[in-house]
Amino acid sequence: EQGYETGEHAPGLKLGGCGAYKAAHHIIKTHAKVWHSYNNTWRREQRGMVGISLTSGWGEPVDPHSQTDRDAAERYIQFHLGWFANPIYRGDYPEVMKNYVGKKSAQQGLGTSRLPTFSVQEKTYIKGTSDFLGIGHFTTRYVLQKNFPFLQVSSYHTDHDLAELVDPNWPAPGPKWLYSVPWGFRRLLNFIKTQYGNPLIYVTENGVSETVQCPQLCDEWRIQYLKGYINEILKALNDGVNVKGYTAWSLLDKFEWNKGFSERFGLYHIDFKNKDKPRYPKASVDYYKKIISANGFPNPREVMS
């Protein structure tokens, strides 16, 4: 979406309303081809696994008693996670995506939907092509219905007719988009369990960045973030969600998309101005070491059910 719709990321194309959908369509078909290639050629000998890693936030209805808000929150998750996961696990794009993009395309006078379609053969070929689901998750939004006018320039963001809100009380230690909302992760994991037949899950990315330099390496907010989110994964495990592994994002400060080196997700601080790029452990390193050495929280009293 940011590479082919808004142009914020490489390759910087601004193909409003259709670029993101076309790029995703190719990604899904290519992923399936890779899975089948491995399955047919190397799996018997290597006994490996091929999956896909998808990044998604969680969408919570502003008013859980409002059917309109609940529908909007459902669209949020289907237009993010379901966009890729639904074809792989259920054989086609989510119905709500097909309906909304199709309806808006027709209102624009287009003969066909801006959301591409899979042939019957492609649906069969794609369905089931994941031995595990990788999940990247960082934050949550409150969601409510918002209608965009028909004449507005079409875009992925206006297709789902919703607005995203945040609670001003949510901690926001890093960039403006990343609020710490641990309970959203448990709900996302349970959604995956229900929607996609409780697949094997590896958490491939979960963490928080800082945009302000902290010379004392005192990232207490990262400790609280990791504690909260890992605790919610433990709750999801107790719910029966099939989470097999967890990867904190990230080990080192690094090049972060169009933010360059200014946004730091690392457990280790990197001095980029020094030609040797020395590494310094932040406070979160010691905390995370204790968690992984104990394979959980060292003190059981830290875990809140």
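User: What is the definition of a salt bridge here, and what is the N to O distance between the side chains of Lys282 and Asp253?
Analyst: A salt bridge is a side-chain nitrogen of Lys or Arg within 4 Å of a carboxyl oxygen of Asp or Glu. In this predicted model, the side chains of Lys282 and Asp253 meet in such a bridge, with an N to O distance of 3.0 Å.

User: Are Lys282 and Asp253 buried or exposed?
Analyst: Buried means under 20% relative accessible area. Lys282 has a relative accessibility of 4%, and Asp253 has a relative accessible area of 4%. Lys282 is therefore classed as buried, and Asp253 is likewise buried.

User: How many residues apart in sequence are the parts that Lys282 and Asp253 tie together?
Analyst: Lys282 is located in the loop between β9 and α9 (283–294), whereas Asp253 is in the loop between β7 and β8. The pair therefore ties together parts of the chain whose separation in sequence is 29 residues.

User: Which residues are linked with Asp253 and Lys282 in a network of salt bridges?
Analyst: The structure holds 19 salt bridges. A network of these interactions includes Asp253 and Lys282.

User: Where in the chain do Arg186 and Asp239 lie, and how many residues apart are they?
Analyst: Arg186 forms a salt bridge with Asp239, and their closest N and O atoms are 2.8 Å apart. This pair links distant parts of the chain: Arg186 belongs to helix α7 (residues 183–195), and Asp239 to the loop between α8 (220–238) and β7 (243–246). The separation of Arg186 and Asp239 is 53 residues.

User: What accessibility class does Glu164 have, given its relative accessibility of 37%?
Analyst: Glu164 meets Arg141 in a salt bridge at 3.7 Å, N to O. Arg141 lies in strand β4 (residues 140–145) and Glu164 in strand β5 (residues 162–165). Arg141 counts as buried at 12% relative accessibility. For Glu164, the value of 37% falls between the cut-offs of 20% and 50%, so Glu164 counts as partly exposed.

User: Why does Lys275 count as exposed, and what is its relative accessible area?
Analyst: Lys275 lies in the loop between β8 (268–270) and β9 (279–281). Its side chain makes a polar contact with the side chain of Asp276 at 3.5 Å. Exposed means over 50% relative accessible area. Lys275 is therefore exposed, because its relative accessible area is 72%.

Note on methods
Residues are numbered from 1 along each chain as its sequence is written. This is a predicted model: local features need pLDDT of at least 70, side-chain atom pairs count only at pLDDT 80 or more; totals for chains, interfaces and linings use all residues. Side-chain values use heavy atoms; hydrogens and water are left out. Helices (H or I, at least four residues) and strands (E, at least two) are DSSP runs, numbered from the N terminus. Buried means under 20% relative accessible area, exposed over 50%, partly exposed in between (1.4 Å probe, protein chains only). A polar contact is a pair of N or O atoms within 3.5 Å; within protein, one must be able to donate a hydrogen and the other to accept it, and residues adjacent in sequence count only if both atoms are side-chain atoms.
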